[in-house]
Amino acid sequence: MTFEVCVKAAVGAPDVLGDCPFSQRVLLTLEEKKVPYKMHLINVSEKPQWFLEVNPEGKVPVIKFDDKCIPDSDVIVGLIEEKYPNPPLSPPPEVASVGSKIFPSFVKFLKSKDPNDGSEQALLDELKALDEHLKAHGPYVNGENICAVDLSLAPKLFHLDVVLEHFKGWKVPESLTHVHKYMKIIDRKLKDCTFHTDFETAT
């Protein structure tokens with residue numbers, strides 16, 4: 001059985017995977033599970049008609065399974081885990097929320113125009129908490145084994161790193177050595193995944 005997955009294409013490069021961390025999360029999950037899939041890259045600024053017909057809201061990622069189009073990365077990765085339980089990626093409850101506040105803190109800091117509103121410190125506090133967790137339990141969030149938390153967090157950290165440097169000249173502090181080590185491991189995994197298993201562009 002092969003999933004069909006619609007994910008964001010890069011802006012100005014319709015044949016290249018885009019920077020959507022939610023799309024990347026789904027693809028990383030499929031790659032870790034070694035589940036065959038066909039990937040359709042969607043230009044989100046000019047969505048094709050066939051895509052809007054099967055997915056009127058027009059959001060990505062979307063996965064087609066049993067002739068149903070399912071949006072929302074949380075729902076999608078849950079479905080993949082249910083259908084393909086090995087290797088297991090579900091995190092134990094004690095690590096399920098690790099790093100969960102980093103992305104909303106990043107978005108708030110990115111949008112902030114007031115350097116004294118506390119948004120930068122809030123992001124730093126979340127990154128420090130992740131650093132302390134990885135120091136005690138790394139290299140992954142759940143120790144030696146990669147889990148769904150990593151596959152959700154990794155693309156968001158990559159996105160955070162690129163976007164904040166570009167728009168604010170801001171980088172994750174070098175003092176957060178365990179976060180940096182984690183990001184390097186994850187960056188390799190993102191690069192190792194070619195994301196073109198059974199690749200087909202939709203027509």
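## Ser105 in helix α4

S105 lies in helix α4, where helices are DSSP runs of H or I with at least four residues, numbered from the N terminus. This is a predicted model, in which local features need pLDDT of at least 70, side-chain atom pairs count only at pLDDT 80 or more, and totals for chains, interfaces and linings use all residues. Residues are numbered from 1 along each chain as its sequence is written, and side-chain values use heavy atoms, with hydrogens and water left out.

S105 counts as buried because its relative accessibility is 13%; buried means under 20% relative accessible area, with a 1.4 Å probe and protein chains only. Leaving aside residues up to four places away in sequence, S105 touches S119, A122, L123 and E126. Contact here means heavy atoms within 4.5 Å.

## Packing of α4 and α5

Helix α4 (residues 102-111) packs against helix α5 (residues 119-137) at an angle of about 155°, and their axes are 8 Å apart. α4 is therefore roughly antiparallel to α5, a term for angles over 145 degrees. Axes are lines fitted to C-alpha atoms, for helices over the stretch in contact, and angles run from 0 to 180 degrees between N-to-C directions.

On the α4 side, I102, S105, F106, K108 and F109 take part; they meet S119, E120, A122, L123, E126, L127 and L130 in α5. By class, this contact of α4 with α5 has 7 nonpolar, 2 polar and 3 charged residues. The classes are Ala, Val, Leu, Ile, Met, Phe, Trp, Tyr, Cys and Pro as nonpolar, Asp, Glu, Lys and Arg as charged, and the others, Gly among them, as polar.

## Packing of α5 and α6

α5 and α6 pack at an angle of about 135°, with axes 14 Å apart. The two helices are therefore oblique to each other. L123, L127 and L130 of α5 make the contact with L153, L157, L160 and L164 of α6. By class, the contact of α5 with α6 has 7 nonpolar, no polar and no charged residues.

## The nonpolar cores

A nonpolar core is a set of buried Ala, Val, Leu, Ile, Met, Phe, Trp, Tyr and Cys residues joined through side-chain atoms within 4.5 Å. In the largest core, of 33 residues, L123 and W170 touch the most other members. The elements giving two or more residues to this core are α4, α5, α6 (148-168) and α7 (177-192), and α6 gives the most, with 8 residues.

W170 touches F109, E120, L123, L124, L127, L160, L164 and E165, not counting residues up to four places away in sequence. A second, separate core has 18 residues, including V7, A9, I70 and L79.

How values were computed: Angles under 35 degrees count as roughly parallel, over 145 as roughly antiparallel, 65 to 115 as roughly perpendicular and the rest as oblique. Buried means under 20% relative accessible area, exposed over 50%, partly exposed in between (1.4 Å probe, protein chains only).
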